[in-house]
Amino acid sequence: MTRPGGTWQNWGRSAAVRPVRVERPRSPEGVQRAVKAAAAQGLTVKAVGAGHSFTGIAVAPGVLLELDDLQGLVSADAETGLVTLLGGTRLHRIPGLLRPHGLAMENLGDIDRQSISGAISTGTHGTGAGFGGIATQVRGLTLITADGEFLRIDETHNSEMLPGAALGLGALGIIVEVTLQCVPAFILHAVDEPAPLDEVLDTVHERARASDHFEFYWFPHTEVALTKRQTRLPESTRRRPLPPVGRWVDETLLSNGVYRAVCAASVAAPAVTPPFNRLAVRLTGDREYTDRSHTVLTQRRTVRFRESEYAIPAEHVVPAFRELQALIIERGWSIEFPVEVRFAASDDIWLSTASGRDSAYIAVHRYWRRDPRKYFDAFEQIMLRHGGRPHWGKLHGLAAEQLRERYPRFDDFAALRDRLDPERLFGNRHLERVLGV
């Protein structure tokens, strides 16, 4: 389906464009036809999923490809755990597709609205010192290249490209299929509890090692960390999910409904933020339950925000966090969103934020109607002093030359891009900034 381009906006309302036209292909062959047509007309072409990247990475001034109709399971092998999905498949649909085969994704981020191709292309990750981001689960993918051909990349086809293509920023082609290494379905025992912030920081590395998945949230203007730890258990484990009413109160009424109202009020009256944050850590973050992996790992977030996130060497997480904490106090800022701290294992993907090093992630947010620039810019300077690499889908100010210094395989990726898309059919202004012209 083709239509004239209206205005497209991302979820965070931090990027917008009016493309020449919008196409909604229903098959990989439909994507192929769209790419060939765009190239013939001298138009750039970009695919978009759910628009959950906060940067301009998916902005498509030429042809915008909506992949909403390119969803579903292509194949699944319960014995090997290899699963192939169409590129536009939303993460929240995958558990249902895998359940009949007794499989699950090894790890997930806390938001599951993204498409699988968008999630891997921007380095979406979860938490767990022994687990990598979603791109580390990729065992193969199929691209439509700039010359309009299908290109299969996996362990037996063009395998030398896989570490570059698994996290490709949408710069190498349009992903129409993704093959993931899945694992037997599992249950998670979850414990969410508040703890003194200083105590958590003093023991954060021990906590990260002691649990399969560990993270914590800190609401500025408080001295409390809201910790979350999860232990993986066999699928046969008895589930003890959260009571429906209690879950609705925590996740819908408080975390989204009341919180949205307070964030909106803080635009006109920032002074409401500190007392609300202190109330929030008393009312939330204290529960224990056992449920399916995707139910525990993901959350429903409806309060619109903007985000910046950096990966730093794991051993730097405490001093970097302390600097951020001191900065907020020193500047007297009223910050309405919590700071998140998570962990990931080292991997060998060229543009992964955890490439070559065990990593900690620190993320900061602002309500979408608040100007985040001073906060995010100051946060970025702290992260850069600690060897930080920005999340590819979240707001940052770095350009190609600065990023090249932080990624040992940056030039290898640039060479692969030159090989697959020399005319920059899949380019836009954001990719010019972060990858070079």
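In β20, which residue is the bridge partner of Phe343? The partner is Ala360, and the strands around this pair are described first.

This is a predicted model, in which local features need pLDDT of at least 70 and side-chain atom pairs count only at pLDDT 80 or more, while totals for chains, interfaces and linings use all residues. Residues are numbered from 1 along each chain as its sequence is written, and side-chain values use heavy atoms, with hydrogens and water left out.

Helices (H or I, at least four residues) and strands (E, at least two) are DSSP runs, numbered from the N terminus. Two strands pair if DSSP finds at least two bridges between them. Buried means under 20% relative accessible area, exposed over 50%, and partly exposed in between (1.4 Å probe, protein chains only).

In strand β19, which spans residues 339-344, six of six residues are buried. Val339, Val341 and Phe343 lie on one side, and Glu340, Arg342 and Ala344 on the other.

| Strand pair | Sense | Bridges | Opposite residues |
|---|---|---|---|
| β10 (residues 138-144) and β11 | antiparallel | five | Thr142 and Arg152 |

**An open sheet**

The pair of β10 and β11 belongs to an open sheet of five strands, in the order β7-β8-β12-β10-β11, with antiparallel pairing. Because β7 (73-76) and β11 (150-154) stand at the edges with a single partner strand each, one side of each has no neighbour in the sheet. From one strand to the next, the twist averages 15°.

**Helices α10 and α11**

Helix α10 (residues 317-331) packs against helix α11 (residues 373-385) at an angle of about 150°, and their axes are 10 Å apart. Axes are lines fitted to C-alpha atoms, for helices over the stretch in contact, and angles run from 0 to 180 degrees between N-to-C directions. The two helices are therefore roughly antiparallel, a term for angles over 145 degrees.

Contact means heavy atoms within 4.5 Å. On the α10 side, the residues in contact include Leu324, Leu327 and Ile328; on the α11 side, they include Phe379, Ile382 and Met383.

**Ser115**

Ser115 is found in the loop between β9 (103-104) and α3 (116-121). With a relative accessible area of 4%, Ser115 is buried. Not counting residues up to four places away in sequence, Ser115 touches Gly49, Gly87, Gly88, Thr89 and Arg90.

Conventions: Angles under 35 degrees count as roughly parallel, over 145 as roughly antiparallel, 65 to 115 as roughly perpendicular and the rest as oblique.
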